[in-house]
Amino acid sequence: MAKTRPGVSAPKLKAGKKDLHSYTIRGTNKIVRVGDCVLMRPSDIGNPPYVARVEKIESDNRNNVKVRVRWYYRPEESLGGRRQFHGAKELFLSDHYDVQSAQTVEGKCIVHSFKNYTKLENVGAEDYYCRFEYKAATGAFTPDRVAVYCKCEMPYNPDDLMVQCEGCKDWYHPACVGMTIEEAKMLERFVCFECSEDDFKQFQNGFHASPVSDAKVGLIFNHFLMIKADCYLLIL
């Protein structure tokens, strides 16, 4: 059974309900519309707010406003728990729906696609991202495979610094190639061990590797997602 959000559920609407186009968050001038992502009051004050997508806004004959929402789960709320490649702002779009009192809506937020999130120059408190849909009852993810990188063969975490090899174009965590983050930030160019060995073998055989243009030289940070389609990790 899909888990419920304790302490915030509202009873189902009775006859006489009507659809609303929008709702103004209590005590603010922020307007919520269908399709918006919102922050909702948690049952425990010390916990971060829940994140949900508004599917419908309704009012009953007493003008009590309810919102039908589809919950986002944080990695630690999933059956598999938080893993190394999960970013701090990562969410899973679940198949868990609820009807809530609109008074539990505390604010608005933006849940970006993974690709768009990696292009953000500045990540604000209201910015999140989602790359998986999650079935709360079974713990299954869609998609169940994602691209992996580095010697550790882990999916991309946009919170982590990575460097790109000029040769194979793969991305590497500094620690996985024997560097500190500070050393990686000072690099002007990076070639992984495997590509360095290949260049040395070509030199021994009288061949030379193709030169890399100056425009491609330099440290490339983790704000860019490069797809490596031939390498995947099965999410269990």
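Select glycine 81 to begin: leaving aside neighbours within four places in sequence, glycine 81 is in contact with Pro75, Glu76 and His86, where contact means heavy atoms within 4.5 Å. Glycine 81 is found in the loop between S6 and strand S7 (90–101); helices (H or I, at least four residues) and strands (E, at least two) are DSSP runs, numbered from the N terminus. Is glycine 81 buried or exposed? Glycine 81 counts as buried because its relative accessibility is 17%, buried being under 20% relative accessible area, exposed over 50% and partly exposed in between, with a 1.4 Å probe and protein chains only.

A note on the model before going on. The model is predicted, so that local features need pLDDT of at least 70 and side-chain atom pairs count only at pLDDT 80 or more, while totals for chains, interfaces and linings use all residues. Residues are numbered from 1 along each chain as its sequence is written, and side-chain values use heavy atoms, with hydrogens and water left out.

Next, select strand S4 (37–40). Cys37 and Leu39 point one way from S4, Val38 and Met40 point the other way, and all are buried. Show S5 beside S4: the two run antiparallel and are joined by four bridges, with tyrosine 50 in S5 as the bridge partner of methionine 40. Strand S8 (residues 105–113) also pairs with S4 in the antiparallel sense, over four bridges, and here cysteine 109 in S8 is the bridge partner of cysteine 37; two strands pair if DSSP finds at least two bridges between them.

Now select Val38, Met40, Val67, Trp71 and Val105, which touch the most other members among the 24 residues of the largest nonpolar core, a nonpolar core being a set of buried Ala, Val, Leu, Ile, Met, Phe, Trp, Tyr and Cys residues joined through side-chain atoms within 4.5 Å. Strands S4, S5 (50–59), S6 (65–73) and S9 (127–134) are the elements that give two or more residues to this core, and S6 supplies the largest share, five residues. Another core, of 18 residues, lies apart from it, and Leu161, Cys165, Phe190 and Cys192 are among its members.

Finally, select the whole protein chain, which has three helices and 15 strands. Buried residues make up 41% of its 236 residues.
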